[in-house]
Amino acid sequence: MTQTTLAQRRLGADGPLVSAIGLGCMGMSDFYGQRDDAESLATVALALERGVNLLDTADMYGPFTNEELVGRAIKGRRHEVFLATKFGIRRDPSDPAVRGVNGRPEYVREAVEGSLRRLGVDHIDLYYQHRVDRTVPIEDTVGAMADLVRAGKVRYLGLSEASAATLERACRVHPIAALQSEYSLWTRDVDEQGVLATCRRLGVSLVAYSPLGRGFLSGAYRSPDDFDADDYRRDSPRFQGENFTRNLELVAKVAEFAAARGCTPAQLALAWVLARGDDIVPIPGTKRRRYLEENIGALSVQLSARDLADLEAVFPAGAAAGLRYPEASMGTVGG
């Protein structure tokens, strides 16, 4: 099988090169409606064939089942993969809606063993703390993560949805290669809160999850009824009532802008993220091959400075209506 060479970007100041676009695997197992493991496995296989080597999962997706799926997908192809997973959000397997955050050192050591087993690998390339545990000093958590690097179980460390101050403290303990946070046309918290500026000062790359606004910026959804009954977006403020209607108006502007430039709305949204800096790697999630191919096509969309200014005029920061998570969940971000 011939593997395509894609553009690459570096994680961290002197870290590894990865594909400029990664693949978020969460929706293959959880949160976004019905599973189709056969199509998901085919999507991962195609991603690797096309040169997308950054695969992103987490132990809480499922819980646990997404790591198992990714493990099946990469069996025999470990050398082609830069594998990222996360720990720190604990879900009750008997009631996955019940969850908490755990950053205690003893849990770090326990969690990595479970991930290694489910993924079927002897090391993880990039290991993230999924959410900051505000009851545990970040120095203690990252210290335990650093022990995993020294033990050869993990190569690089990352944080997810951490504040600028927390990131700075973490970097004093051990180099942090990447901060994973939501970043897209309609979610720019890392800009507004100084997080991206801190990443750049410290030599930390930004891995942007939900760069398509949880699929909304693709223009594929016209009504909340388009989501499956068990799709968690039904509970998200941005996908409800008047917020949904107001956000559709923004998506229409993106679609118009994209049509004028010969690309799809999803490709335009990804191209915007890619244009924000070579130290940013978006990881759009999909469980379907056709959307994977569309996302890869964003690498061919070149936005000029004028394009970016025009897009900013029709979709400025803060334009999206509604919180990005339900209010009860917002307390877990920015720790």
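UniProt, in an unreviewed entry, places the feature "domain: NADP-dependent oxidoreductase" at residues 21-314. The structure here is a predicted model. Within it, the span 21-314 is 41% helix and 16% strand, and its end C-alpha atoms lie 25 Å apart.

**Nonpolar cores**
- The largest nonpolar core holds 83 residues, and L23 and Y183 are the members that touch the most others.
- Helix α9, covering residues 265-275, gives the most to this core, contributing eight residues.
- Another core of 15 residues lies apart from the largest one; Y128, A177, V281 and I283 are among its members.

**Helices α5 and α7**
- Helix α5 (residues 164-173) packs with helix α7 (residues 195-202) at an angle of about 20 degrees, and their axes are 9 Å apart.
- Because angles under 35 degrees count as roughly parallel, α5 is roughly parallel to α7.
- The crossing in which α5 passes α7 is right-handed.
- On the α5 side, the contact is made by A164, L167, E168 and C171; on the α7 side, V195, T198, C199, R201 and L202 take part.

**Backbone details to look at**
- As background, most peptide bonds are trans, and most residues other than glycine have a negative phi.
- G62 and P63 are joined by a cis peptide bond, with omega at about -5 degrees.
- P63 sits in the loop between β4 (54-56) and α2 (65-74).
- F64 is also placed in the loop between β4 and α2, and its phi is positive, near 80 degrees, in a residue other than glycine.
- With a relative accessible area of 31%, F64 is partly exposed.
- S210 is not a glycine either, yet it has a positive phi of about 50 degrees.
- You will find S210 in the loop between β11 (205-209) and α8 (241-260).
- The relative accessible area of S210 is 13%, so this residue counts as buried, the cut-off being under 20%.

**Around A313**
- A313 belongs to helix α11, which runs over residues 305-314.
- A313 counts as exposed because its relative accessibility is 63%, and exposed means over 50%.
- From A313 to T286 the separation is 27 residues in sequence, while their C-alpha atoms are 29 Å apart in space.

How values were computed. Residues numbered from 1 in each chain as written. Predicted model: local features only at pLDDT ≥ 70, side-chain atom pairs only at ≥ 80, totals over all residues. Heavy atoms only, no water. Core = buried A, V, L, I, M, F, W, Y, C linked by side-chain atoms within 4.5 Å. Buried < 20%, exposed > 50% of the residue type's maximum accessible area, 1.4 Å probe, protein only. Helix = DSSP H or I, 4+ residues; strand = E, 2+ residues; numbered from the N terminus. UniProt positions renumbered as here; feature names shortened; annotations may be inferred. Axes fitted to C-alpha atoms, helices over the stretch in contact; angles between N-to-C directions. Parallel < 35°, antiparallel > 145°, perpendicular 65-115°, else oblique. Left-handed = near helix turned anticlockwise from the far one by under 90°. Contact = heavy atoms within 4.5 Å.
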